[in-house]
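Please look over the sequence and the structure before going on.

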Amino acid sequence: MTLKYQSQTYPTGLSPASVNIGDFNQDSILDLVVTNNGSHTLSLMLGNGNGTFQTQQFYSTGNGSGPGEITTGYFNNDSLLDLGKCLSICRKLYRQMAYSKV
């Protein structure tokens with residue numbers, strides 16, 4: 001067996017605060033999601049299946065929301081992975097339903 005160290009840098013939004021992994025598009029490949037406190041967005045980077053990720057997709061969390069910590073779980077029992085994030089400036093917990101393939 002050969003182990004090879006690989007390093008890859010992926011851009012995020014302004015002031016990234018938290019990162020989590022999960023299979024957000026149900027393709028059996030792990031994806032990354034990052035909260036961007038400074039740009040009030042989430043960055044979703046879908047996995048390629050080889051340890052690399054696609055270019056980020058931005059999702060707004062609302063103007064002035066300041067997203068902080070993020071967690072994943074099956075919050076509404078629909079078998080789709082959901083996101084829960086703390087919107088620090090607004091002092092709210094926000095639940096975002098799963099990414100669904102159409």
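## Overall picture

What percentage of the 102 residues in the protein is buried? Buried residues make up 35% of them, where buried means under 20% relative accessible area, exposed means over 50%, and partly exposed lies in between, with a 1.4 Å probe and protein chains only. This is a predicted model, in which local features need pLDDT of at least 70 and side-chain atom pairs count only at pLDDT 80 or more, while totals for chains, interfaces and linings use all residues. Residues are numbered from 1 along each chain as its sequence is written, and side-chain values use heavy atoms, with hydrogens and water left out.

The protein has 0 helices and 7 strands, so named because helices (H or I, at least four residues) and strands (E, at least two) are DSSP runs, numbered from the N terminus. From that terminus on, the elements run β-β-β-β-β-β-β. The accessible surface of the protein comes to about 6,500 Å², of which 53% belongs to carbon and sulfur atoms; such areas come from the Shrake-Rupley method with a 1.4 Å probe, and for residues only the protein chains shown count as cover. Of the contacts in the protein with a separation of 6 or more, 31% are accounted for by residues 24 or more positions apart, a contact being heavy atoms within 4.5 Å.

## The sheet of four strands

An open sheet is formed by 4 strands in the order E1-E2-E3-E4, and the pairing is antiparallel. Strand E1 and strand E4 (57-60) stand at the edges with a single partner strand each, so one side of each is left without a neighbour in the sheet. From one strand to the next, the twist averages 20°, where axes are lines fitted to C-alpha atoms, for helices over the stretch in contact, and angles run from 0 to 180 degrees between N-to-C directions.

Two strands are said to pair if DSSP finds at least two bridges between them. E1 and E2 pair in the antiparallel sense over 6 bridges, and E2 pairs with strand E3 (residues 41-45), again in the antiparallel sense, over 5 bridges.

## Two covered strands

In a regular strand the side chains alternate between the two faces of the sheet. In E2, Asp31, Val33 and Thr35 point one way, while Leu32, Val34 and Asn36 point the other way, and all are buried. Because 6 of the 6 residues of E2 are buried, this strand is largely enclosed by the rest of the structure.

E3 is mostly covered too, with 5 of its 5 residues buried. Both of its faces are covered: Thr41, Ser43 and Met45 lie on one side, Leu42 and Leu44 on the other, and all are buried.

## Asp31 and its surroundings

Asp31 is placed in strand E2 (residues 31-36) and is the bridge partner of Gly22. Asp31 is buried, with a relative accessible area of 0%. A polar atom of the Asp31 side chain lies 2.9 Å from the backbone nitrogen of Phe24, and the side chain of Asp31 also reaches the backbone nitrogen of Gly47 at 2.7 Å. When neighbours within four places in sequence are left aside, the residues in contact with Asp31 include Asn20, Ile21, Asp23, Leu46 and Phe53.

Ile29 is placed in the loop between strand E1 (16-22) and E2. This residue is partly exposed, with a relative accessible area of 25%. Although Ile29 and Gly47 are 18 residues apart along the chain, their C-alpha atoms are separated by 5.8 Å. Leaving aside neighbours within four places in sequence, Ile29 is in contact with Gly22, Asp23, Gly47, Asn48 and Gly49.

Note on methods: Polar contact = N/O pair within 3.5 Å; in protein donor to acceptor, adjacent residues only side chain to side chain.
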